[in-house]
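Below is what I looked up, in the order I got to it.

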Amino acid sequence: MLAGWRRLAASRATVGALRRAWPGRAVVGTGAAKRWVSTSWSPVGAAFNLQPQHQPRRRERERKTGLFGVPELTCPEGFQEAQEKSLQEAERLVQQACSTPAGKEIVMIFDQLSDALCRVADLADFVKIAHPDPAFREAAEEACRSIGTMVEKLNTDVNLCQSLRKLLADKDVMASLDSETRRVAELFLFDFEISGIHLDEEKRKRAVNLNVKILDLCHQFLIGSHLPNKIDKNILPEHIRHNFATEGNYAQISSLSADSSDDLVREVAYKVFLYPNAQQLNCLEELLTSRHLLAQLVGYDTFAHRALQGTMAQTPEKVMQFLVKLSDKLFSRTQKDFEMLEYMKMKLNPIKAKLMPWDHPYYSGVLRAERYNIEPSLYSPFFSLGACMEGLNALFSKLLGISLYAEEPEKGEVWSDDVRKLAVVHEQEGLLGYIYCDFFHRPGKPHQDCHFTIRGGRLKENGEYQLPVVVLMLSLPHSSGLPTLLTPGMMENLFHEMGHAMHSMLGRTRYQHVTGTRCSTDFAEVPSILMEYFANDYRVVNQFARHYKTGQPLPKNMVSRLCESKKVCAAADMQLQVFYAVLDQIYHGKHPLEKSTTDILKETQEKFYGLPYVPNTAWQLRFSHLVGYGAKYYSYLMSRAVASMVWKQCFVQDPLNRAMGERYRREMLAHGGGKEPILMVQGMLQKYPSLEDFVDALVLDLDQDFEAFSE
């Protein structure tokens with residue numbers, strides 16, 4: 001994820017709500033060991049074991065509060081009032097910035113300006129996709145549009161930029177600033193530069209228009225990437241028609257049906273769902289062209305060069321070196337995986353023995369199940385949601401001195417009755433922030449697991465710290481009469497998203513522009529992926545995995561089987577990610593592209609994946625990550641490499657080591673984006689990692705023995 005205005009301009013903003021007072025808070029203990037406890041808090045596990053219909057009623061007040069405690073947001077119309085206040089405050093701060101002499105105050109004013117905009121835009125960015133009321137979603141969409149327009153205007157405001165340039169040009173003043181303040185000042189200047197502030201007025205207008213156009217194209221492409229394709233149902237063999245939704249004379253194909261045991265169903269789904277749509281194809285081509293034009297207009301060779309500035313990878317050349325090196329080391333392992341899968345397919349379906357792209361995920365699952373008996377229903381009774389939350393609570397307590405408490409929201413504060421609110425409390429520092437847990441599926445809710453920052457932490461002008469607020473969104477099924485039981489995959493996803501939340505809670509930066517997950521994309525995924533390693537270690541799992549009826553602990557050999565199963569075809573799975581990442585780099589590289597996006601897909605798939613391209617398909621039109629992760633899809637692989645190195649060096653011997661937990665917080669979590677990402681990694685590993693180190697970490701993971709150490 002990106003920070004401040006950059007994230008807004010990329011339509012990926014996720015922060016903003018107002019802090020409100022906490023009732024009933026008391027302090028117990030003495031000296032440095034003070035522990036903050038609220039009379040309105042309750043144990044986290046119990047709150048998640050209750051069914052939504054059994055939740056206590058919201059406390060009645062004379063008048064209800066608004067979403068996230070924001071007074072204006074008691075109704076959709078409140079977004080208009082909130083955005084007007086935000087824009088008025090922004091105009092006041094712009095005038096203040098332009099009239100303030102060069103000094104630290106300039107950076108603070110810029111951060112207040114960023115906060116004033118994010119306070120509304122980031123909240124609205126969440127509401128527009130997650131709120132069940134269409135009126136709220138529409139109002140939030142309009143707020144995003146209004147704030148986005150202001151952001152583009154400010155990013156090309158010459159006078160505003162000049163006030164920042166004066167600061168950066170004053171060597172004496174810059175030398176007196178701390179490293180975080182200097183970096184934030186440089187990041188703000190970077191925001192101006194990538195928006196074309198150095199251009200003449202006509203070119204600046206072109207840059208603004210291109211940015212607006214790109215946002216519209218991104219929105220259009222995202223919608224198109226999820227639309228189903230239709231086919232005359234009479235064309236389909238009668239015995240498979242029931243696998244697809246129908247509408248009149250048409251069958252609607254809305255996914256790849258990757259879990260279907262019927263080879264023909266998967267083949268049909270693949271060929272129909274990925275059949276090229278001319279409108280979507282034009283949208284993608286126009287998006288890639290517009291991104292390239294914008295990059296060149298503001299002084300970059302390609303969009304990838306623009307997107308990768310300030311990341312761990314730094315340049316597209318280094319990204320490609322990383323991906324090619326990784327692909328070379330994976331090659332022989334990937335071939336062996338494909339041979340195993342083809343043999344499995346031949347056993348089950350000798351008529352169609354050749355391995356095809358629609359076979360990879362299905363037969364990988366079959367192979368895992370056959371070898372390790374990892375039927376999710378065997379594991380789910382041990383992973384009740386309440387138990388998993390208590391497990392996270394215990395892990396954070398031992399590693400970081402942090403506890404999670406459930407807090408009953410005010411009336412009107414949440415958007416659905418099944419949303420839970422957590423207070424994050426440090427044993428010495430007290431209240432760190434709030435996490436809203438939107439965990440359960442509901443009609444119209446996106447089927448995705450993600451983390452949204454609703455408000456970023458920062459040191460306010462009065463000396464108080466603005467506490468961060470985040471939302472974790474999952475799509476868990478509602479259970480009837482039983483605790484919510486998670487599959488191993490759901491449990492791992494919960495740990496992953498909670499890693500993002502802890503990054504937000506512990507990124508205690510002076511400036512909200514760089515708070516928490518507001519850092520380079522290839523570093524932002526490190527804390528969340530690292531949590532997956534904890535979720536797969538028996539010494540951690542044993543702390544909480546109990547059968548919801550009998551209380552029996554999850555047997556150690558079941559954890560070992562589960563972890564070993566993940567190595568089955570892991571090389572082929574990673575090779576697929578390499579293919580996606582390379583494709584992303586080529587699309588955002590030199591333009592005009594030498595071939596059509598589909599021809600590039602075909603060529604790249606055959607070179608970096610190995611399974612054949614299927615004629616008349618265009619997978620790239622479903623590659624929704626091209627919007628949010630344009631030129632940065634490699635980030636998942638690079639972040640996993642860093643997480644692997646941190647795990648093996650710092651936690652594998654003792655995953656509950658408090659000293660290592662504190663080092664992890666001090667070196668990696670605390671800085672948000674206020675420190676160069678590679679320097680944070682260097683501080684944690686106590687060495688500067690090379691590209692070879694990244695590659696070796698990923699490849700060694702394929703052979704890692706996940707057998708848990710004895711207590």
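Which side chains meet in a salt bridge at 3.8 Å, N to O? I found R666 and E667. For a salt bridge I took a side-chain nitrogen of Lys or Arg within 4 Å of a carboxyl oxygen of Asp or Glu. R666 is partly exposed at 47% relative accessibility, whereas E667 counts as buried at 17%. My cut-offs: buried is under 20% relative accessible area, exposed is over 50%, and partly exposed is in between, with a 1.4 Å probe and protein chains only.

Before going on, I noted that this is a predicted model, where local features need pLDDT of at least 70, side-chain atom pairs count only at pLDDT 80 or more, and totals for chains, interfaces and linings use all residues. Residues are numbered from 1 along each chain as its sequence is written, and side-chain values use heavy atoms, with hydrogens and water left out.

I got a count of 39 salt bridges. In one of them, K329 and D696 come to 2.7 Å, N to O. K329 sits in helix α13 (316–348) and D696 in helix α28 (691–703), so this pair ties together parts 367 residues apart in sequence. Helices here are DSSP runs of H or I with at least four residues, strands are runs of E with at least two, and both are numbered from the N terminus. K329 is partly exposed at 43%, and D696 is partly exposed at 28%. I also wrote down a network of salt bridges linking E89, D115, R119, R458 and E461.

**A sheet**

Next I looked at an open sheet of 3 strands, antiparallel, in the order β4-β6-β5. Its edge strands are β4 (229–232) and β5 (245–247), each pairing on one side only. Pairing takes at least two DSSP bridges between two strands. β4 and β6 (250–253) are joined by 4 bridges, and I231 has A251 in β6 as its bridge partner. K230 forms a salt bridge with E247, with the closest N and O atoms 3.2 Å apart. K230 is in β4 and E247 in β5, so the pair ties together parts 17 residues apart in sequence.

**The inside**

Which helices each supply at least two residues of the lining of the largest cavity? They are α16 (385–400), α17 (488–506), α19 (526–535) and α26 (658–669). Among the lining residues I listed F396, M502, F534 and Y664. A cavity is a set of points on a 1 Å grid over the protein atoms alone where a 1.4 Å probe fits but cannot get out, and lining residues have an atom within 4 Å of a point.

Methods
1 Å grid on protein atoms, 1.4 Å probe; cavity = no way out; pocket = protein on both sides within 12 Å on 5 of 7 lines; lining within 4 Å.
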